[in-house]
Amino acid sequence: MQIHKEAGSVRNYPQPGRHRHTHRIRRLAPLLLAVCASAAGNAFAGCEYSVSNEWGSGFVAHVRVTNDSSVPVQDWQVQWQYSGDNRVTNAWNAEVQGDNPYTASNVSWNGSLQPGQTVEFGFQGTSGSFAETPAVSGALCDGGSSSGGSSSSSSSSSGGSSSSGGSSSSGGSSSSSGSSSSGSSSSSSSSSSSGGTTEHLYSLASFPIGVAVAAGDSARSFLKIPQQEITIRQHFSQITAENIMKMRFLHPAENTYDFTDADQMVDWALTNGLSVHGHTFIWHHEYQVPDWMKSYNGDFQSMLNTHVATIADHFAGRVVSWDVVNEVLDETQSNCYRDTLFYQRLGRDYVSEAFNAAESADPGADLYYNDYSISGGNSAKFNCLLTMLDELQADGAPIDGVGLQMHIQIDWPTTDHLRSAFQAIVERGLKVKITELDVPVNNPYSSAPFPQHTEFTPEVAALQKARYKAIVQTYLEEVPPALRGGISVWGLWDGDSWILDFENWQGADDWPLLFSGPANGPYEEKPALEGVAEALLGQ
């Protein structure tokens, strides 16, 4: 996402990938604004400023506001001011206005704070020689606090709802001064409800850190497992539905749309300060295409456009990005397109039509093409991808980015393959989003006997950690900040991974995700999560 700088103003963006057209900058005189307190007029909050990453002349920081009172807060507003050269350039999850001092106020979906709830917003800035940690002020703040080299309070392991995506921190803590060391988080690591040492993974990135979740009537719905909710709030800033936002779930009959389960998931995310990536408007898979669509005899293109537009419109302003079409490519076909129902009825134009329909219904959402084996290791399929992207851009289709599923192996594709793939997409001015990342330790396609590992030993864990770390490092090196759509893992806990049921694994055990532990938690951070954190911190 392009970062704009105007004299005396901050260009406000939600977390990268959020609405392109809904937030506008307003120049304010440099004065402190009155704080909007709750209707009760006597609510107070703990306000904490922390630097989560710092490099050269830039930084990423977050402000956390916790309602420490016994009454709800309806709307909030806080202020801070730098004493040196620090300046804010773009922000997410809040409206940030001014030009030092700065005033931040809630956006539409995070203005209500129940007692004990927390909201967190972030911003990127220029720092001159070092990133300051100023005190946060305002009538709503109980004294305000800032954290430099270490967090002023450790994370709570309470299972209560938190609108920050993490556990609540106590307010009114003492201020500490000084800058964080380059490339390190200003919040100290502490024991967490997931049993590990990384306090908030999402706070280390200025782009979404996401996780795919089971929801709806699934026996493993994250909304039925309190420890999953806790760990998701603690470490992730975005969620993606594994199934319930696919075609047959949302559009089961020609004149029937069912948004009940998806609305419940989206509402949970927004209440808890997370964004949602939608998956997916169109997917060819036999069991995901509703039966009525397979036998449809009317204007197929008009029907499909209405399908996309109706869903996009329903979630407009609540879902920040979408996989518009999923897995269209087949490199074994001379035309590169998979021979699906949609291609048979409409040819390749249905892809650009879907992007146009989605853009018309929700111009604020980022729109992605999503596929597997396009990480550079399969040159034939990647060449098909580039051809399709060039066609879409020539057609004027409003594509914002490419979603690379990244269901990859611990030894394939190579880092150089990933680097080349990222570069080619970036060269086309498109965002890069890693949408479905997992790294199994066994490779059924290897020439070595399968499975290669029957136990998750420390040595195997170290290999997996290094692989996760290398992926994130390469992403940061090759994708400029404006084009980072985010990184999402496909599942929270090893035991829930789709890989364990994938026929090529033939019943072998594997441990492809960032967390282990009992089925219902508490979940334990694996070395793989440490690898992601180290890469985000530049370590």
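User: Which residues in α5 meet which residues in α7?
Analyst: In this predicted model, the α5 side of the meeting is made of Gln-301, Leu-304, Asn-305, Val-308, Ala-309, Ala-312 and Asp-313. On the α7 side are Tyr-350, Glu-353, Ala-354, Ala-357, Ala-358 and Ala-361. By class, the contact has nine nonpolar, two polar and two charged residues.

User: What makes Asp-313 and Glu-353 charged residues of this contact?
Analyst: The class follows from residue type: Asp and Glu are both on the charged list. Asp-313 is in the α5 set and Glu-353 is in the α7 set, and two charged residues is the count for the contact of α5 with α7.

User: What is the geometry of the α5 and α7 pair, and what is the handedness of the crossing?
Analyst: The axes of α5 (residues 300–315) and α7 (residues 349–361) come within 8 Å. They cross at roughly 35°, and the crossing is right-handed.

User: What span does helix α9 reach, and what is expected for its 13 residues?
Analyst: Helix α9 covers residues 415–427 and reaches 18 Å from its first C-alpha to its last. The expected span is 1.5 Å times one less than the number of residues, and for α9 that is given as 18 Å, so the computed reach is close to the expected one.

User: Which residues of α9 are called buried, and what do they pack against?
Analyst: The buried residues are Leu-418, Ala-421, Phe-422, Ala-424, Ile-425 and Val-426. The label means that each has under 20% relative accessible area. They pack against α8 (379–394), β18 (401–404), β19 (431–437) and α10 (458–478).

User: Where is Pro-101, and what is the omega of the peptide bond that joins Asn-100 and Pro-101?
Analyst: Pro-101 is in the loop between β8 (95–98) and β9 (102–105). The bond from Asn-100 is cis, and its omega is about 15°.

User: Why is Ser-373 called partly exposed?
Analyst: Its relative accessibility is 27%. Buried would require under 20% and exposed over 50%, so Ser-373 falls in between. Ser-373 sits in the loop between β17 (366–371) and α8, and its phi is positive, near 55°, in a residue other than glycine.

User: Why is Gln-506 called exposed?
Analyst: The relative accessible area of Gln-506 is 66%, and the cut-off is over 50%, so the label exposed applies. Gln-506 is in the loop between β20 (484–489) and β21 (515–516). Its phi is near 50°, again a positive value in a residue other than glycine.

User: Why does His-62 count as buried?
Analyst: His-62 has 4% relative accessibility, which is under the 20% limit, and therefore counts as buried. The residue lies in strand β4 (residues 58–67). Not counting residues up to four places away in sequence, His-62 touches Glu-48, Tyr-49, Ser-50, Ser-52, Trp-92, Glu-120, Phe-121, Gly-122, Ser-203 and Ala-205.

User: Which residues do Phe-456 and Ala-461 touch?
Analyst: Leaving aside neighbours within four places in sequence, Ala-461 is in contact with Phe-456 and Pro-527. With residues up to four places away likewise not counted, Phe-456 touches Val-441, Ala-461, Gln-464, Trp-511 and Lys-526.

User: How far apart in sequence and in space are Phe-456 and Asp-509, and Ala-461 and Ala-528?
Analyst: Phe-456 and Asp-509 are 53 residues apart in sequence and 9.3 Å apart, C-alpha to C-alpha. For Ala-461 and Ala-528 the values are 67 residues and 7.1 Å.

User: What share of the contacts in the chain comes from residues 24 or more positions apart?
Analyst: Such residues account for 78% of the contacts with a separation of 6 or more. The chain has eleven helices and 22 strands, and 59% of its 539 residues count as buried.

Key: Residues are numbered from 1 along each chain as its sequence is written. This is a predicted model: local features need pLDDT of at least 70, side-chain atom pairs count only at pLDDT 80 or more; totals for chains, interfaces and linings use all residues. Side-chain values use heavy atoms; hydrogens and water are left out. Axes are lines fitted to C-alpha atoms, for helices over the stretch in contact, and angles run from 0 to 180 degrees between N-to-C directions. Helices (H or I, at least four residues) and strands (E, at least two) are DSSP runs, numbered from the N terminus. A crossing is left-handed if the near helix is turned anticlockwise from the far one by less than a right angle, and right-handed if clockwise. Contact means heavy atoms within 4.5 Å. Buried means under 20% relative accessible area, exposed over 50%, partly exposed in between (1.4 Å probe, protein chains only).
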